[in-house]
Amino acid sequence: MKKAYEIIVEQILDKLNNNTLPWTQTWAGWNISNYITNKEYRGINKLVLAFDSYKDKRYLTMNQVRKLKWRIKKRSKSQKVIYWQFTDNEEIKLKYPIIKYYNIFNIENVEWFKIEKPKPIIEEDKYKAVNDLINNYKGWPEIRNWPNPVYQINTDTVFIPDKDKFNNLDNYYSILLHELIHSTWSKNRLNRFTDNNMKFWNEVYSKEELVAELGSMFLSMEVWIINEVNNNNVAYIKSWCKFMKDNNKEIIYASQQAQIATDYIYWKQNYLK
């Protein structure tokens, strides 16, 4: 019997193998959330649901559908999302988490639901939103121009080329957000990894790169930035597929860390109050 995290990873791999990438929306819709509770899906669940092509990003459990006396359209496919269930271990007197999953349906699968026309994104609004996000990052690192984008931890500085060096502003901001996620790794912020002297492409470095990639995606979605750098990039998709096949549990941890870093920058979950 497959484990919950294996099933979740398979869902993502299926999308990637069909050359589907998340975060390519050109419209402003709803947050990825539960239709009834308005609670946002987070971490790996946010990544899984971001691959969906639905314009409306709200979901329902089957129990919620039944309580509302609604019906799901025939041949509708559910999505699997995970949750953590803590179980007592009497021998060591500790609680330990077990990953489980449940099924949800997008609201567009409800028979009566009428799809609303999504709002087009106004470029002026989204660039104001991303600049506000960056400016509201308390204690943020210095941002300086440099030919190659990188975060330098010993000086707490993000280096990035001038905006005119990029194909468009979305490319610039998606890479800047990637480097800002890296900045949360430092000891005076989230202290994500204890090895702050990681070497290029060692195991810890690779994990940190994955966190930054996912964190950049999460932040981009908050402000409607489209990461076009990797769109339709076959090599990029293949690298994701290989990593997830070889490290199917690591993607869950990386998504969790990326969500925490996103919250830290975006002032969610009472950070920095």
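Axes are lines fitted to C-alpha atoms, for helices over the stretch in contact, and the angle between two of them is taken between N-to-C directions, on a scale from 0 to 180 degrees. Two packed helices are described by this angle and by the distance between the axes. In this predicted model, helix α4 covers residues 123–135 and helix α5 covers residues 169–183. The two pack at an angle of about 20 degrees, and their axes lie 12 Å apart. Angles under 35 degrees count as roughly parallel, and α4 and α5 are therefore roughly parallel to each other. The crossing of α4 past α5 is left-handed.

On the α4 side, the residues that meet α5 are Lys126, Tyr127, Val130, Asn131, Leu133 and Ile134. Their counterparts in α5 are Leu169, Asp170, Tyr173, Leu176, Leu177 and Leu180. Sorted by class, this contact comprises 9 nonpolar residues, 1 polar residue and 2 charged residues.

Lysine 100 belongs to strand β5, which spans residues 94–106. With a relative accessible area of 32%, lysine 100 is partly exposed, because a value between 20% and 50% falls in that class.

Leaving aside residues up to four places away in sequence, lysine 100 touches Ala4, Val81, Ile82, Tyr83 and Gln85. Glutamine 85 is 15 residues from lysine 100 along the chain, and the C-alpha atoms of the two are separated by 7.0 Å.

## Positive phi values in two loops

Most residues other than glycine have a negative phi. Aspartate 156 has a positive phi, near 50 degrees, although it is not a glycine. This aspartate is found in the loop between β8 (150–152) and β9.

Asparagine 191 likewise is a residue other than glycine with a positive phi, near 50 degrees. Asparagine 191 sits in the loop between α5 and α6 (203–222). The relative accessible area of asparagine 191 is 35%, so this residue is partly exposed.

## Confidence of the prediction

The protein chain has a mean pLDDT of 83, and 81% of its residues reach 70 or more. Confidence in the chain is highest in strand β9 (residues 157–160), at a mean of 97, and lowest in strand β1 (residues 27–28), at 61.

Over residues 269–273, pLDDT stays under 50. For this stretch the model has 9 contacts beyond four places in sequence. Where pLDDT is low, the predicted coordinates should not be read in detail.

Definitions and conventions: Residues are numbered from 1 along each chain as its sequence is written. This is a predicted model: local features need pLDDT of at least 70, side-chain atom pairs count only at pLDDT 80 or more; totals for chains, interfaces and linings use all residues. Side-chain values use heavy atoms; hydrogens and water are left out. Helices (H or I, at least four residues) and strands (E, at least two) are DSSP runs, numbered from the N terminus. Angles under 35 degrees count as roughly parallel, over 145 as roughly antiparallel, 65 to 115 as roughly perpendicular and the rest as oblique. A crossing is left-handed if the near helix is turned anticlockwise from the far one by less than a right angle, and right-handed if clockwise. Contact means heavy atoms within 4.5 Å. Ala, Val, Leu, Ile, Met, Phe, Trp, Tyr, Cys and Pro count as nonpolar, Asp, Glu, Lys and Arg as charged, and the others, Gly among them, as polar. pLDDT is the predictor's confidence in each residue, from 0 to 100. Buried means under 20% relative accessible area, exposed over 50%, partly exposed in between (1.4 Å probe, protein chains only).
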